[in-house]
Amino acid sequence: MNRRPRLLATAAAGATAALLLTACGGGGDKPKANDKIAGADTGGATSAAPGAGATQSVGRPKIELPSDLTYTFEWPKTGDKGKDAVLNDSEQFIKAVDMAIAEQDPLHKAYRFYSEGTAAAGSQKFIQEFVDYKDRITGAKRYYNSKVKINSDGTAGFVYCEDQNKAYNKSLKTGKTDVTAKSKDNYVLYSSLLRVNKQDIWITEKLTSQRGSTACQS
């Protein structure tokens with residue numbers, strides 16, 4: 001390969017993103033693979049039912065990540081059990097994808113526990129790029145500006161930002177970290193669609209992203 005995988009970089013489906021953002025009352029877009037590792041109005045219908053027990057143990061996979069990869073989730077609790085479960089399970093999904101990259105396993109059971117549909121397929125492709133290049137993610141990832149809405153059909157819309165400026169690719173072959181300069185392209189806006197399953201876990205089914213989003217640079 002002549003190009004390293006981008007932390008999060010795949011062309012996002014604009015129409016899908018627009019739909020999801022409308023559902024959340026905001027604007028946004030899916031993870032891609034970039035040379036680096038591939039918020040907070042919580043208004044909307046209040047729902048304490050779906051995902052209310054999502055923080056309880058239901059055979060969840062154990063998330064174990066490299067000690068040189070850290071996270072900051074500036075996602076304040078909403079006080080609504082359903083919305084807070086969306087935040088929790090989305091955080092676990094993000095970490096599970098990074099664990100799959102670290103363990104070089106495109107079919108890792110952890111991220112597939114938290115995702116299905118196009119989100120799972122996109123994650124597999126994203127992870128495979130790191131495996132092909134024998135890279136993993138290191139550094140610090142920050143998530144903020146979260147916005148959650150529980151929809152009347154039982155699904156949830158979730159929009160949030162990621163700052164990748166302190167996250168980098170690390171070669172598993174040489175141990176060298178590819179430190180890149182700060183850039184507006186390292187601010188990514190995400191929009192996801194989730195549904196709660198029989199285990200009371202919020203599963204991410206659709207995920208879109210917009211790199212260089214001005215909404216995440218304020």
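## Burial and surface

A residue counts as buried when its relative accessible area is under 20%. In this predicted model, buried residues account for 55% of the protein's 218 residues. The exposed surface comes to about 9600 Å². Carbon and sulfur atoms supply 49% of that area.

## Fold elements

The protein has four helices and six strands. Read from the N terminus, their order is α-β-α-α-α-β-β-β-β-β.

## Nonpolar cores

The largest nonpolar core holds 37 residues. Within this core, Trp75, Val86, Phe158 and Tyr160 touch the most other members. Helices H2 (81-102), H3 (109-113) and H4 (117-133) each supply at least two of the core residues. So do strands E1 (69-73), E2 (135-150), E3 (155-171), E5 (187-196) and E6 (202-211). H2 gives the most, with ten residues.

A second core is separate and has six residues. Among them are Cys161, Tyr187, Leu189 and Cys216.

## Packing of H2 on H4

Two packed helices are described by the angle between their axes and the distance between the axes. For H2 and H4, the angle is about 35° and the axes lie 9 Å apart. The crossing of H2 past H4 is right-handed.

From H2, the contact is made by Phe93, Val97, Ala100 and Ile101. H4 contributes Ala119, Ser123, Phe126, Ile127 and Phe130. By class, this contact of H2 with H4 has eight nonpolar residues and one polar residue.

Notes. Residues numbered from 1 in each chain as written. Predicted model: local features only at pLDDT ≥ 70, side-chain atom pairs only at ≥ 80, totals over all residues. Heavy atoms only, no water. Buried < 20%, exposed > 50% of the residue type's maximum accessible area, 1.4 Å probe, protein only. Areas by Shrake-Rupley, 256 points an atom, 1.4 Å probe, with all protein chains shown as cover. Core = buried A, V, L, I, M, F, W, Y, C linked by side-chain atoms within 4.5 Å. Axes fitted to C-alpha atoms, helices over the stretch in contact; angles between N-to-C directions. Left-handed = near helix turned anticlockwise from the far one by under 90°. Contact = heavy atoms within 4.5 Å. Nonpolar A, V, L, I, M, F, W, Y, C, P; charged D, E, K, R; others polar.
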